[in-house]
Amino acid sequence: EKYPQAPEAAEARKALAGLFDAVTDPAQLAAALRNAPPAERARGNLRLARLYLVGKKYQEAQAPLNEVLKAQPPAEVAGEAQYLLGLALEAQEKPGPAAAAFAEAVRQAPKSDWVIDAHGRLAWLYLDLKQATNAEKAALAVLAAKPEMDAERQARLALVQALIDQEKWDAALDGCKALLAANPPAETVATVIYTQAWVHEKRAKPEEALPLWERLAAEHPTSPYAP
């Protein structure tokens with residue numbers, strides 16, 4: 001603080017950063033950050049929020065993130081803060097604010113490594129909010145990024161639901177075929193068969209729905225869809 005231009009100051013800043021990274025107790029880190037240089041405070045607050053999230057202290061995670069955002073940091077930092085804020089709000093079952101945070105996160109930092117996860121969460125949040133068009137866009141954004149298998153499966157499931165909510169029956173059935181082609185686990189297969197049968201009934205095609213209902217009852221008797 002007193003000799004910011006001195007060569008030793010740069011070493012001091014590195015040492016402080018290392019100390020902040022070494023602290024794993026949120027209370028200790030919060031206390032240390034009160035005296036941290038402004039340049040380190042944003043980074044430290046992001047880490048503090050992550051520690052709170054790991055500890056499932058979702059409400060506590062919001063304060064350090066709001067402090068970061070009030071300082072109007074660079075877009076990459078603001079994007080990460082919004083993403084973490086979205087996680088905290090989603091865990092508190094606040095879909096509207098959580099969706100707003102995730103949407104702002106991907107807008108601010110579209111190339112960050114958490115963007116696929118943010119889009120995937122957005123897809124399901126938009127479904128909860130009855131915003132099927134936005135859910136479809138978010139799911140397609142995940143698929144365009146060619147994610148790993150589990151993320152792709154969840155995105156395709158969200159996409160099918162978004163298409164059904166918009167009564168895009170043919171597209172929804174195509175989505176079901178894509179899910180089955182990836183050799184998914186049994187619970188996903190049951191979900192897809194149920195969806196296919198339900199769509200055929202909505203289209204007044206009981207002759208196509210019947211074998212699917214029979215298959216669901218026979219092959220997945222313990223599924224929640226079986227009754």
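Okay, so buried, for today, means under 20% relative accessible area, and exposed means over 50%. Keep those two cut-offs in mind, and keep in mind that this is a predicted model.

Let's start with Thr188. You'll find Thr188 in helix 11, which covers residues 186–202. Is Thr188 buried or exposed? Its relative accessibility is 7%, so Thr188 counts as buried. And what does Thr188 touch, if we skip residues up to four places away in sequence? That would be Arg153 and Leu157.

Now over to the loops, and a bit of backbone. Most residues other than glycine have a negative phi. Here are two that go the other way.

One is Glu93. Glu93 isn't a glycine, yet it has a positive phi of about 60°. Where is it? Glu93 sits in the loop between helix 5, residues 75–91, and helix 6, residues 95–108. Glu93 comes in at 71% relative accessibility, and because exposed means over 50%, Glu93 counts as exposed.

The other is Ala204. Again not a glycine, and again Ala204 has a positive phi of about 60°. Ala204 is in the loop that links helix 11 to helix 12, residues 206–219. With 62% relative accessibility, Ala204 counts as exposed too.

How far apart are Ala204 and Lys94 in space? From C-alpha to C-alpha it's 37 Å, and along the sequence they are 110 residues apart.

So, to recap: Thr188 is buried, while Glu93 is exposed and so is Ala204. That's me done, thanks.

Definitions and conventions
Residues are numbered from 1 along each chain as its sequence is written. This is a predicted model: local features need pLDDT of at least 70, side-chain atom pairs count only at pLDDT 80 or more; totals for chains, interfaces and linings use all residues. Side-chain values use heavy atoms; hydrogens and water are left out. Helices (H or I, at least four residues) and strands (E, at least two) are DSSP runs, numbered from the N terminus. Buried means under 20% relative accessible area, exposed over 50%, partly exposed in between (1.4 Å probe, protein chains only). Contact means heavy atoms within 4.5 Å.
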